[in-house]
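Please keep the sequence and the 3D view at hand while reading the points below.

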Amino acid sequence: MVFSIAYHFLRDRSLAEEIAQDVFLQLYRSLDSLETEAHVTFWLRRVTSNRCVDYVRKRRRRPEVALEETPELRSFDAPADPFMSRKLQALLQSLPEKPRLVMILRYQEDLMPEEIARILDMPVRTVKSHLHRSLTMLREKMERIL
Amino acid sequence: MTNEPMDDLERQLSEALRRKEPPEGFEDRLWGRLPRRRAGFLAGLSSRFQSFVLTPRLRWTAALAMAVVVLSAIEWRHEARERAAGQAAKAQLELALRITSEKLQKIQERVNAGNRDQ
């Protein structure tokens, strides 16, 4: 879960591992304050999300690209098509940090907006807004190629 | 949106964002970092212990304890010498008394012999 959130957010395995290891080391130091498994899971998601956003904001290695500037999709294959998955992952990278995290937590972790709102410490309506706008933009991209 | 069944795009997103396993050796590398931290923690403890032992207060305490041990040893040796001297004096006194007793007996014997001659 931890590595996967970082990987889908950063699209860099070594950076994702670095962040994941730091998160687990921080967990090791914080275990005394975590009482239940659910609390640990919530804590891991929150700390991983925060570290990902902090990392991108500090390093700014990769400038953000507007969704409209990303390459057009040339085909819309079956849902399990790896090529289609890579295209969608590339499109997700064009999203700003918070909406990207919202999408990752929604579709990787299968969380509801209320849970995402607690993890990212933002209003539920903001989470829903991010989801709605991100899905609309992705859908528009898809419709252009159909 | 979130309470409704997923459409094709959302299913495709779930597929694209399915969980990825960490690279091989991830756990080993993680555990490799933890013992170093434990070692560092122990080294820190050792350092803190050494600095605690080497505080002026503890140095004075150790010096005082050593002085007590040395003074006790001197006192014990002094008492031993006095005991030995007392026993020597007692032996000399006993010898002197025995000699005196023998002389007194000889004198008494001479006196008795003189009375018989008269």
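**Briefing on a predicted two-chain model**

In chain B, which has 118 residues, buried residues make up 5%. In chain A, 32% of the 146 residues count as buried. The model discussed here is predicted, and the predictor assigns the complex an ipTM of 0.75 and a pTM of 0.59.

**Chain A**

- Chain A contains 7 helices and 0 strands.
- Read from the N terminus on, the order of elements in chain A is α-α-α-α-α-α-α.
- Among the contacts in chain A with a separation of 6 or more, 62% are between residues 24 or more positions apart.

**Helix H6 of chain A**

- Helix H6 of chain A spans residues 113-120, and its buried residues are Pro113(A), Ile116(A), Ile119(A) and Leu120(A).
- As a general rule, an α-helix has 3.6 residues a turn, so residues three or four places apart point the same way.
- Asp121(A) follows H6(A), and the phi of Asp121(A) is positive, near 55°.

**Chain B**

- Chain B has 3 helices and 0 strands.
- The elements of chain B run α-α-α from the N terminus on.

**Where the chains meet**

- Contact between the chains involves 22 residues of chain B and 29 residues of chain A.
- Two helices of chain B, H1 (8-16) and H2 (26-53), each supply at least two residues of the side that touches chain A.
- H1(B) gives the most to this side of chain B, with 9 residues.
- Sorted by class, the side of chain B that touches chain A has 10 nonpolar, 3 polar and 9 charged residues.

**Confidence in chain B**

- The average pLDDT of chain B is 75, and 73% of the residues of chain B score at least 70.
- Which element of chain B has the lowest mean pLDDT, and which the highest? H2(B) has the lowest, at 64, whereas H1(B) has the highest, at 86.
- Where pLDDT is low, the predicted coordinates should not be read in detail.
- The helix that gives the most residues to the side of chain B touching chain A is H1(B), and H1(B) also has the highest mean pLDDT among the elements of chain B.

Methods: Residues numbered from 1 in each chain as written. Chains lettered and ligands numbered in written order. Predicted model: local features only at pLDDT ≥ 70, side-chain atom pairs only at ≥ 80, totals over all residues. Buried ≥ 20, exposed ≤ 12 C-beta atoms within 10 Å, placed from the backbone. Helix = DSSP H or I, 4+ residues; strand = E, 2+ residues; numbered from the N terminus. Contact = placed C-beta atoms within 7 Å. Nonpolar A, V, L, I, M, F, W, Y, C, P; charged D, E, K, R; others polar. pLDDT = per-residue confidence, 0-100.
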